[in-house]
Amino acid sequence: MQPKVNTKNFIRYDEGAERYSMSKHSFMKLAQDAHAVYKINRITLVNVKIFEEYLESFRA
């Protein structure tokens with residue numbers, strides 16, 4: 001049995017914080033800085049592709 005691969009393009013803050021092993025507040029701040037946040041009515045989603053590209057910019 002193969003491990004489940006995260007293939008979602010959009011995730012919520014709670015899921016993102018768990019996925020990237022950080023606090024919810026830190027994930028929210030980074031997602032907003034990356035301009036990866038989409039607000040639809042009362043739902044906030046984060047574009048994973050944009051977020052990961054932003055994270056790569058911190059790589060030494």
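**Figure 1. The hairpin of β2 and β3 in the predicted model.** Two residues lie between the strands of this hairpin, and Asn41 takes a positive phi near 55 degrees. β2 and β3 are antiparallel and pair over four bridges.

**Figure 2. The pairing of β1 with β3.** Strand β3 covers residues 43-47 and runs antiparallel to β1, with two bridges joining them. Phe10 has Asn47 of β3 as its bridge partner, while Ile11 stands opposite Val46 in β3. Strands of a sheet pair through backbone hydrogen bonds, in a parallel or an antiparallel sense.

**Figure 3. The open sheet of three strands.** The strands are arranged in the order β1-β3-β2, and their pairing is antiparallel. β1 (10-11) and β2 (37-40) stand at the edges with a single partner strand each, so one side of each has no neighbour in the sheet.

**Figure 4. Helix α3 across the sheet strands.** Helix α3 is made of residues 48-56 and lies across β1, β2 and β3. Helix α3 runs at about 50 degrees to β3.

**Figure 5. A nonpolar surface patch made by Phe10, Tyr38 and Ile40.** The patch has an area of about 270 Å². Phe10 belongs to strand β1. Its relative accessibility is 38%, and Phe10 therefore counts as partly exposed, a class that lies between the limits of 20% for buried and 50% for exposed.

Methods: Residues numbered from 1 in each chain as written. Predicted model: local features only at pLDDT ≥ 70, side-chain atom pairs only at ≥ 80, totals over all residues. Heavy atoms only, no water. Pairing = 2+ DSSP bridges. Contact = heavy atoms within 4.5 Å. Axes fitted to C-alpha atoms, helices over the stretch in contact; angles between N-to-C directions. Patch = residues over 30% accessible without salt bridge, like charges linked within 9 Å, V, L, I, M, F, W, Y side chains within 5 Å. Areas by Shrake-Rupley, 256 points an atom, 1.4 Å probe, with all protein chains shown as cover. Salt bridge = Lys/Arg side-chain N within 4 Å of Asp/Glu carboxyl O. Buried < 20%, exposed > 50% of the residue type's maximum accessible area, 1.4 Å probe, protein only.
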